[in-house]
Amino acid sequence: MSPLPSRHIVLARHIPGRPEPEHFRLEPVEVGEPGEGELRVRTLFASVDPGTLARLGGVDSYAPALRPGEVIGSATVGEVLDSRDARYAVGDVVAGGWGWREHAVVSAKGLRKVERGSESLSAELGVLGIPGLTAYFGILELGRPQEGETVLVSSAAGAVGSVAGQIAKRQGARVVGIAGGAEKCRWVKDALGFDAVINYRAEVDLGAAIRRECPRGVDVYLDNVGGTMLDTTLACMALRGRVVVSGLVADYGVPPEQRAGLKNTPFLITHRLRMEGFVVLDYFARFGEARTALREWLQEGTLKHREHVAEGLESAPALFAGLFRGENFGRAVVRVG
């Protein structure tokens, strides 16, 4: 074995606000041989996640801030090229988190072997990855909708929201989505089976639109956006409603003093609301259970998903920047190799 020519993408400089491609740098590297307990892998797919922005502004978030020159982190799926671990053989496909790299040497610890099936391997980064798991536990463990209750999902055409709404429908809930643009709204309603969809870009008064589609109030709100949308929804909740905060894309990259903030907090008291944020890794011990259920629903054809796939590692920065302009439609991934 010899060093392998490769490329990776690093943070060029801290990002004070919204990202642009020039905030990143594509670099040539050589990837060495794996040591004991390690694998050398060729990346097939890498995820492009809006939550990553929370680590790119120089301030610690749910994880330590990245420094300029460090590789951008992401979920990944790759093929084993060389193995120094008896559990993995050359040609195996593994899922992990080695980031925006064409090739990498990674520890076998924490990797998961992936069996090729009817779904694209990229599904391991979406409906069978962190977004699907977030939707599963966010709805079933925290939201816990009952039959006949109303569930509202923001970013309903996104990787988390689209799956969450379908899971809520399985529980017998009435599901209303919020999405941006007519095409996304049609897909959410016609393909995913949501009962109603609000195109927030076409509404002058989002609160009035939510009350129109949720006349008895919102029993469960799965929030992926935060900001003004979260604040507006607080005033539309039903008595003893549950707000599950899984993402805050409206606030990522926005300095604290410029964030919209919450003004409708009195509704937490008057309507006896419960609002809870979570990190899906809290449920790591149950990931197998969730993936089994999600995979069964996919095979049955009762769970649908959509991906926005860009070609080549070099496309990742532009795809990432586009997330914050609503340019993606479905789970954003890059086909690396």
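Me: What makes C236 count as buried?

Reply: In this predicted model, C236 has a relative accessible area of 6%, and buried means under 20%, so C236 is buried.

Me: How do you know that C236 is in no disulfide, and which cysteine sulfur is the nearest?

Reply: A disulfide needs two cysteine sulfur atoms within 2.5 Å, whereas the nearest cysteine sulfur to C236, that of C214, is 7.7 Å away. C236 is therefore in no disulfide by that cut-off.

Me: Where does G207 lie, and why is G207 called buried?

Reply: G207 lies in helix α4, which covers residues 206–213. Its relative accessible area is 5%, which falls under the 20% limit, so G207 is buried. Leaving aside residues up to four places away in sequence, G207 touches T232 and C236. L323, by contrast, is 116 residues from G207 in sequence and 24 Å from G207 in space, C-alpha to C-alpha.

Me: What makes helix α5 largely enclosed by the rest of the structure?

Reply: Helix α5 has eight residues, 227–234, and seven of them are buried, so the helix is largely enclosed by the rest of the structure. The buried residues are G227, M229, L230, D231, T232, T233 and L234.

Me: Where does S154 lie, is it buried or exposed, and which residues does it touch?

Reply: S154 lies in the loop between β8 and α2. Its relative accessible area is 0%, and since buried means under 20%, S154 is buried. Not counting residues up to four places away in sequence, S154 touches G161, I178, Y221, L222, D223, N224, V225 and M229. One of these, M229, is also among the buried residues of α5.

Me: Why is V279 called partly exposed?

Reply: The relative accessibility of V279 is 43%, and partly exposed covers values between the 20% limit for buried and the 50% limit for exposed, so V279 counts as partly exposed. V279 lies in the loop between β13 (274–277) and α7. The C-alpha atoms of V279 and G138 are separated by 9.4 Å, although the two residues are 141 residues apart along the chain.

Me: Why are α1 and α7 called roughly perpendicular?

Reply: Their axes come within 10 Å and cross at roughly 100°; angles of 65 to 115 degrees count as roughly perpendicular, and α1 and α7 therefore qualify. On the α1 side the contact is made by I130, G132, L133, Y136 and F137, which meet F287, E289, A290, R291, A293, L294 and W297 in α7. These residues divide into nine nonpolar, one polar and two charged.

Me: How do you know that α2 and α7 are roughly perpendicular to each other?

Reply: α2 and α7 pack at an angle of about 85°, with their axes 13 Å apart, and this angle falls in the range of 65 to 115 degrees, so they are roughly perpendicular to each other. V163, I167 and R170 in α2 meet L294, W297 and E300 in α7. The contact of α2 with α7 divides into four nonpolar residues, no polar and two charged.

Me: What makes up the largest nonpolar core?

Reply: The largest nonpolar core has 41 residues, and those with the most contacts inside it are Y136, V151, I167, V188, F194 and L294. Among the elements that give two or more residues to this core are α1, α2, α3 and α7. A second, separate core of 23 residues includes I9, A54, W100 and A310.

Definitions and conventions
Residues numbered from 1 in each chain as written. Predicted model: local features only at pLDDT ≥ 70, side-chain atom pairs only at ≥ 80, totals over all residues. Heavy atoms only, no water. Core = buried A, V, L, I, M, F, W, Y, C linked by side-chain atoms within 4.5 Å. Buried < 20%, exposed > 50% of the residue type's maximum accessible area, 1.4 Å probe, protein only. Helix = DSSP H or I, 4+ residues; strand = E, 2+ residues; numbered from the N terminus. Axes fitted to C-alpha atoms, helices over the stretch in contact; angles between N-to-C directions. Parallel < 35°, antiparallel > 145°, perpendicular 65-115°, else oblique. Contact = heavy atoms within 4.5 Å. Nonpolar A, V, L, I, M, F, W, Y, C, P; charged D, E, K, R; others polar.
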